[in-house]
Amino acid sequence: MTRVCPICGRTSEEVPFIGSLCRDCYVRHVGVARLPGRIRFVYCKYCGSYKYQGGWNRGLETVEETLIEYAHIVLSRKLRPTRDIEEAWIEDIRLDKPFTGPGSYKLLVRVAGRSREGVEARQDIVVEVRADASVCPLCTAKRTERGYDAIVQIRGSTGRLGEQFRVEVRRFLDRIDRQLRDAIIKEEEGREGIDLYVADQTSAKLIASKLRAFFMAKTIDTYKLVGRRPDGKRRGRLTISVRIPEIEPGQVVKVGGRESLFLGWTRRGGLFVDLRSGRKFELDAESLWDRGFTPHPGGEQEGRYMLISRSGGTYVFLDADSNYQKVVEYPESYVHVYTDNLEEGGVYKVFRVGRHIYILGRSSGAQA
Ligand SMILES: [Zn+2]
Ligand SMILES: [Zn+2]
């Protein structure tokens, strides 16, 4: 049966119909769906999280993206299809102008729907949005620097944490999950090392265990009562001391009193060479901490040699520290090379133990 649109007079043979009207007239006079005229968007001006149903939720990369996402959630929930539309949805949302902060904006919402007969229709609806900046509870805690339940103290194995390890720790902290990062209320650098003030103890334990695994560190937990909560429960504060072994590949270290060359970290622990026997050994972090380790102070055993020749089973060096006056020879079997490119004429950091000599790496030619 042919239908005739009472508004424009076109027939169902010419154009698609929704109910008794042609599609164009239906969209113009009835509409595809109803939306609220305005909505409110509250976001945290520090971290960009947003308020929804009474709670705070993590935002996206930018506040503008968060606002669009938020509008999608809220408007999809409030969308009501008109009488002859069976199903409707939001196809696209845009802002009328770039987001620049709190204020009023217009959302250009494209709504789509389908009639019982399967005819699809689209409509553009303008919704006003009021954006208000606020401060979320976590940022409030950060800004007042209260509200932390744990402290992670990052220190070096010898006490103060050295500068290059601080750099590595900062780099490490930049890379941990955002959720853990967000739990850090304050980061404080002092003479001894870095202190992290963490909102909750679970996050603090996670951060500490990640530091332990990454740096082969040792952690010690201490728990202190600091009063009572408003509900009368006892309130404790957890302090986790994280000690990072300050040793580097190529460095001579005393492990359990024995001079050892530290080759580097493996997945299980540290790889070393016992400098008296020339044997390699591996220690997991726990055994390393149990035995104790200290960087070797250097002294007479350390030096800088220039390689002159290696032929006939003999290595010949000139002692760079005695102005290249002294010739030193070592049989091949007592020379241990721990550098990639050993060449004649090159000056190397060496370590002498008994009859053995360890060539550790290139040294700058200049006298120290
Ligand atoms: Zn019509
Ligand atoms: Zn915030």
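Where does Tyr324 lie? Tyr324 sits in the loop between E22 and E23, where strands (E, at least two residues) and helices (H or I, at least four) are DSSP runs numbered from the N terminus.

A word on the model: it is predicted, so local features need pLDDT of at least 70 and side-chain atom pairs count only at pLDDT 80 or more, while totals for chains, interfaces and linings use all residues. Residues are numbered from 1 along each chain as its sequence is written, with chains lettered from A and ligands numbered from 1 in the order in which they are written.

**Exercise 1. Describe the backbone and the exposure of Tyr324 and Asn323.**

Step 1: take phi. Most residues other than glycine have a negative phi. Tyr324 has a positive phi of about 60° although it is not a glycine, and Asn323 also has a positive phi of about 60° without being a glycine.

Step 2: check exposure. A residue is buried if 20 or more other C-beta atoms, placed from the backbone, lie within 10 Å of its own, exposed if 12 or fewer, and partly exposed in between. Asn323 has 9 other C-beta atoms within 10 Å, so it is exposed. Tyr324 has 15 within 10 Å, so it is partly exposed.

**Exercise 2. Work through the sheet that holds E22 and E23.**

Step 1: write the order. Six strands make an open sheet, E23-E22-E21-E25-E26-E24, with mixed pairing; two strands pair if DSSP finds at least two bridges between them.

Step 2: find the edges. Strand E23 (327–331) and strand E24 (335–337) each have a single partner strand, so one side of each has no neighbour in the sheet.

Step 3: Neighbouring strands are turned by 40° against each other on average, direction ignored; the axes are lines fitted to C-alpha atoms (for helices, over the stretch in contact), and angles between N-to-C directions run from 0 to 180 degrees.

Step 4: pick a pair. Strand E21 (residues 302–311) and strand E25 (residues 347–353) run antiparallel and are joined by five bridges. Met306 has Val347 as its bridge partner in E25.

**Exercise 3. Now describe the five-stranded sheet and the helix on it.**

Step 1: the order in this open sheet is E12-E13-E11-E15-E14, and the pairing is mixed. Strand E12 (184–189) and strand E14 (218–228) are the edges, pairing on one side only.

Step 2: on average, neighbouring strands here are turned by 15° against each other, direction ignored.

Step 3: helix H6 (residues 201–215) packs on this sheet, touching E11, strand E13 (194–198), E14 and E15, and its direction makes about 10° with that of E15. Contact here means C-beta atoms, placed from the backbone, within 7 Å.

Step 4: strand E11 (residues 150–156) pairs with strand E15 (residues 234–244) in the parallel sense over seven bridges. Leu238 in E15 is the bridge partner of Ala150.

**Exercise 4. Which residues have the most contacts inside the largest nonpolar core?**

Step 1: a nonpolar core is a set of buried Ala, Val, Leu, Ile, Met, Phe, Trp, Tyr and Cys residues joined through C-beta atoms within 7 Å.

Step 2: the largest one has 48 residues, and Val152, Val198, Ala204 and Val242 have the most contacts inside it. H6 gives the largest share, five residues.

Step 3: zoom in on Val198. Leaving out residues up to four places away in sequence, Val198 touches residues including Ala150, Val152, Ala204 and Ile207.

Technical notes. Two residues are in contact if their C-beta atoms, placed from the backbone, lie within 7 Å.
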